Amino acid sequence: RINLDDSINIYLPWFKAEYQGKSQVITVRQLLHHTSGIKPFYDGMADNSVTIEQLVQGKLNNTKLDTLPGTRSNYSNANYIILGEIKGMAQIQNNIV
């Protein structure tokens, strides 16, 4: 079960994001409400040979945020890409437990 107020790092411990040089915590709820601060993402979206995991780890990890998480709403398709990876990881974790 995914808790909306959990840090995304519970599901993706390797995911890093920073705002103005400082590491930031992003919650699942912030992804859903587009208040994560993550910029819109388009690179590699049409490449069917790339998995969601590869996309998140290779292109979205270590992202520089546009705004401090939770402070401003700004649509970003990257939020949904990351949510897809979280869903996949949560399913794997549930099968292991």
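Visitor: Why does S36 count as buried?

Guide: Buried means under 20% relative accessible area, exposed over 50%, and partly exposed in between, using a 1.4 Å probe and protein chains only. S36 comes out at 1% relative accessibility, so it counts as buried. Bear in mind that this is a predicted model, where local features need pLDDT of at least 70, side-chain atom pairs count only at pLDDT 80 or more, and totals for chains, interfaces and linings use all residues. Residues are numbered from 1 along each chain as its sequence is written, and side-chain values use heavy atoms, with hydrogens and water left out.

Visitor: What does the side chain of S36 make a polar contact with?

Guide: The side chain of N79, at 2.6 Å. A polar contact is a pair of N or O atoms within 3.5 Å; within protein, one must be able to donate a hydrogen and the other to accept it, and residues adjacent in sequence count only if both atoms are side-chain atoms.

Visitor: Where is the place of S36?

Guide: In the loop between α1 (28-32) and α2 (52-60). Helices (H or I, at least four residues) and strands (E, at least two) are DSSP runs, numbered from the N terminus. The chain has three helices and three strands, in the pattern β-β-α-α-β-α.
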